[in-house]
Amino acid sequence: MQTEIKISSQALDIQTCIDWVMLPESGGIDVFIGTVRNATKGKTVLRLEFEAYEKMAIAEMEKIAAQALAKWPVQKLLIYHRTGVLAVGEVPVIIAVSAAHRDAAFEACRYVIDTLKQTVPIWKKEIFEDGEVWVAAHP
């Protein structure tokens, strides 16, 4: 099993992530792509600004990957997260998982994004038309 974990200030390339997890023996690939939406709780979002405690965030992402590997027969697992200023429509997070069977890929992918939201030290500032607020990146 292989993992790829990255925090980057550069745009994330979806196809590169999918290509990385593909294997001839993989019968299922599941990909979660988080995007910046244009509204939150009825307020228009202008942009998001992401910050991470990078060393700790990488360690926590590695821990999550190891937990997923222990629970499901996953072949490859990728976790990428952006930092910096992102406009509406841009991609702050990609989770990609390959496995011999789809159930393992689906379950592991869901576990990774849900756990990332709860435990990884990444924060976002939501910039609205009428102000801004810092929140956990994945509440």
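Author: Helices and strands here are DSSP runs, and a strand is a run of E with at least two residues, numbered from the N terminus. The model is predicted. Lys41 falls between two such strands, in the loop from strand 3 (39-40) to strand 4 (43-52).

Reader: Why is Lys41 called exposed?

Author: Its relative accessibility is 83%. Exposed begins over 50%. Lys41 passes that cut-off, so exposed is the word.

Reader: Now the helices. How do helix 2 and helix 3 cross?

Author: Helix 2 covers residues 54-71 and helix 3 covers residues 102-119. Their axes come within 10 Å and cross at roughly 145°. The crossing is right-handed.

Reader: Which residues meet where helix 2 packs against helix 3?

Author: From helix 2 come Glu60, Met61, Ile64, Gln67, Ala68 and Lys71. From helix 3 come Tyr111, Val112, Thr115, Leu116 and Thr119. The contact residues divide into 6 nonpolar, 3 polar and 2 charged.

Reader: What makes Ile64 count as buried?

Author: Ile64 is in helix 2. Its relative accessibility is 0%. Buried means under 20%, so Ile64 qualifies. Beyond its neighbours within four places in sequence, Ile64 touches Tyr111, Val112, Thr115, Leu116, Thr119 and Val120.

Reader: And Val120: why is it called buried?

Author: Its relative accessible area is 7%. The limit is under 20%, so Val120 is buried too. Val120 lies in the loop between helix 3 and strand 8 (122-128).

Reader: How far apart are Val120 and Ile64 in sequence and in space?

Author: They are 56 residues apart in sequence. From C-alpha to C-alpha they are 9.3 Å apart. Leaving aside neighbours within four places, Val120 also contacts Ala57, Glu60, Met61 and Thr115.

Reader: What makes Ala66 partly exposed?

Author: Ala66 sits in helix 2. Its relative accessible area is 44%. Buried stops under 20% and exposed starts over 50%, so a value in between is partly exposed.

Reader: Where do Trp72 and Tyr111 lie in the chain?

Author: Trp72 is in the loop between helix 2 and strand 5 (74-82), while Tyr111 is in helix 3. They are 39 residues apart, and the pair links distant parts of the chain.

Reader: Are Trp72 and Tyr111 buried or exposed?

Author: Trp72 has a relative accessible area of 16%. Tyr111 stands at 19%. Each value is under 20%, so each residue counts as buried.

Reader: Which ring does the charged end of Lys76 sit over?

Author: The ring of Trp20, at 4.1 Å from its centre. The distance cut-off is within 6 Å, and this value meets it.

Reader: And which residue has Lys43 over its face?

Author: Phe128, with Lys43 at 4.4 Å from the ring centre. That value also falls within 6 Å.

How values were computed. Residues are numbered from 1 along each chain as its sequence is written. This is a predicted model: local features need pLDDT of at least 70, side-chain atom pairs count only at pLDDT 80 or more; totals for chains, interfaces and linings use all residues. Side-chain values use heavy atoms; hydrogens and water are left out. Axes are lines fitted to C-alpha atoms, for helices over the stretch in contact, and angles run from 0 to 180 degrees between N-to-C directions. Helices (H or I, at least four residues) and strands (E, at least two) are DSSP runs, numbered from the N terminus. A crossing is left-handed if the near helix is turned anticlockwise from the far one by less than a right angle, and right-handed if clockwise. Contact means heavy atoms within 4.5 Å. Ala, Val, Leu, Ile, Met, Phe, Trp, Tyr, Cys and Pro count as nonpolar, Asp, Glu, Lys and Arg as charged, and the others, Gly among them, as polar. Buried means under 20% relative accessible area, exposed over 50%, partly exposed in between (1.4 Å probe, protein chains only). A charge sits over a ring if NZ of Lys or CZ of Arg is within 6 Å of the ring centre and within 35 degrees of the ring normal.
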